[in-house]
Amino acid sequence: LASVRTMAQRLKAPDGGGGRRHKRIALILLRIACVFLPGYVHPDEWFQSNEVAAQEVFNYHTEKPWEFTADAPVRSVLSVYFSSQMAYTITVAFKAYIPSSMAADVVTYAPRVMLCAMSFVVDLAVDSCARAVDADATMARTMFASSWVTLVMLVRPFSNAVETCAVALAAFLATHKIKDNRRDYGVRCALIGVIGAIAIFIRITSAVNIAPWALLAVGRELRHSVWAGALGVAGGVVAALGAAIACIVIDTAYYANESVLDVFSIVRQPDTWVITPLNLLRYNSNVDNLAIHGLHVRVLHVFVNGPMMFGPMWLLCCFL
């Protein structure tokens, strides 16, 4: 606790515009440097993203994990696209300039570079949230940028990292102040609905994490009038449903080895739809399935994972 207090005092200390700028640049460079650290955090950052995407983009021979090969797949291809495949697709455009000797480096580091770039969306959200509650935005940005979670976890191709960016984008939209306090006529709610639907297909826990920001966006519309709030809810729901259907079409086409362009054929056959979040819920609701992967005591997150992720701040959250 003393170390946290000391760090907070240092961050609050006036160091001038130049000092803050140098600190921000140093933390940005540190995050970029962490992209190229050797090793991996967890096998999932390879097996559930890079290996699947490398087969699709580079036609490498790989073994897809069971989540993608089960009769009822529990992983959406969207999680692979945003964590790895998008980066690989971009590198294909520069294939002529990349020597073959660097193929392994491209497969390893291209997704990390992409996730590092995406992680700066979280910086914007942290700044926006801090300003929304009149907190010290500079201190909030520095605390986030210097966190080991940011420097290690958010620059690796985990679906959790993509989920974090999606939640951050929703938080930014919900808290960002529109110029002159003008109305957005439900556009904010619609965008959060689209982000929320896509994020649920990437990681189902996004539903819980994005819901508060959706409610905040609706609440901001209600300040104008009840009709504005109703328009926000309707816009968010319609946008979310449209995005969800698009995600279902993409997953169904992927697992059926069909073209996404054959969308009308897929939509007309709902019995063939592959709804990965629903498959995941069904799988995890069976304790026997979970036992295959290993069960842990319920308090593991409280006494082990929480302190490991957040250090002394976890204790502060528990006692405040």
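The following legends describe close-up views of a predicted model.

Local features are reported at pLDDT of at least 70 and side-chain atom pairs at pLDDT 80 or more, while totals for chains, interfaces and linings use all residues. Residues are numbered from 1 along each chain as its sequence is written, and side-chain values use heavy atoms, with hydrogens and water left out.

**View 1. The crossing of helices H3 and H5.** Helix H3 covers residues 44-58 and helix H5 covers residues 77-93; helices (H or I, at least four residues) are DSSP runs numbered from the N terminus. Their axes come within 8 Å and cross at roughly 40°. Axes are lines fitted to C-alpha atoms, for helices over the stretch in contact, and angles run from 0 to 180 degrees between N-to-C directions. H3 and H5 are therefore oblique to each other; angles under 35 degrees count as roughly parallel, over 145 as roughly antiparallel, 65 to 115 as roughly perpendicular and the rest as oblique. H3 passes H5 in a right-handed crossing, a term used if the near helix is turned clockwise from the far one by less than a right angle. On the H3 side, the residues in contact (heavy atoms within 4.5 Å) include Gln48, Val52, Glu56 and Phe58, and on the H5 side they include Val80, Ser84, Tyr88 and Val92. The residues of this contact divide into eight nonpolar, eight polar and one charged. Here Ala, Val, Leu, Ile, Met, Phe, Trp, Tyr, Cys and Pro count as nonpolar, Asp, Glu, Lys and Arg as charged, and the others, Gly among them, as polar.

**View 2. The crossing of helices H5 and H10.** The axes of H5 and H10 come within 7 Å and cross at roughly 100°. That makes H5 roughly perpendicular to H10. Leu78, Ser79 and Phe82 of H5 make the contact with Ile198, Phe201 and Ile202 of H10. By class, five of these residues are nonpolar, one is polar and none is charged.

**View 3. The packing of helices H11 and H12.** Helix H11 (residues 206-222) packs against H12 at an angle of about 150°, with the axes 7 Å apart. That makes H11 roughly antiparallel to H12. The crossing of H11 and H12 is right-handed. Val218, Glu221 and Leu222 in H11 meet Val226, Ala228, Gly229 and Val233 in H12. The contact of H11 with H12 has five nonpolar residues, one polar and one charged.

**View 4. The largest nonpolar core.** A nonpolar core is a set of buried Ala, Val, Leu, Ile, Met, Phe, Trp, Tyr and Cys residues joined through side-chain atoms within 4.5 Å; buried means under 20% relative accessible area, exposed over 50%, and partly exposed in between (1.4 Å probe, protein chains only). The largest such core has 37 residues, and those with the most contacts inside it are Tyr88, Met118, Val122 and Phe201. At least two residues each come from H3, H5, helix H6 (103-132), helix H9 (159-175), helix H10 (187-202) and helix H12 (226-255). H6 supplies the largest share of this core, nine residues. Apart from it lies another core, of 12 residues, among them Ala166, Ala174, Ile192 and Ala199. Leaving out residues up to four places away in sequence, Val122 touches Phe144, Leu154, Thr164, Cys165 and Ala168. In soluble globular proteins, nonpolar side chains tend to be buried together.

**View 5. Two loop residues with positive phi.** Asn59 lies in the loop between H3 and helix H4 (66-69). Although Asn59 is not a glycine, its phi is positive, about 60°. Asn59 counts as exposed at 68% relative accessibility. Asp134, in the loop between H6 and helix H7 (137-145), likewise has a positive phi, near 60°, in a residue other than glycine. Asp134 is exposed, with a relative accessible area of 73%.

**View 6. The surroundings of Phe158.** Phe158 is placed in the loop between helix H8 (148-153) and H9. With a relative accessible area of 8%, Phe158 is buried. Its contacts, leaving aside neighbours within four places in sequence, are with Val41, His42, Asp44, Glu45 and Met153. Phe158 and Arg112 are 46 residues apart in sequence and 9.6 Å apart in space, C-alpha to C-alpha.

**View 7. The surroundings of Arg131.** Arg131 lies in helix H6 and counts as exposed at 53% relative accessibility. Not counting residues up to four places away in sequence, Arg131 touches Ala137 and Arg141. Lys177 is 46 residues from Arg131 along the chain, and their C-alpha atoms are separated by 9.4 Å.
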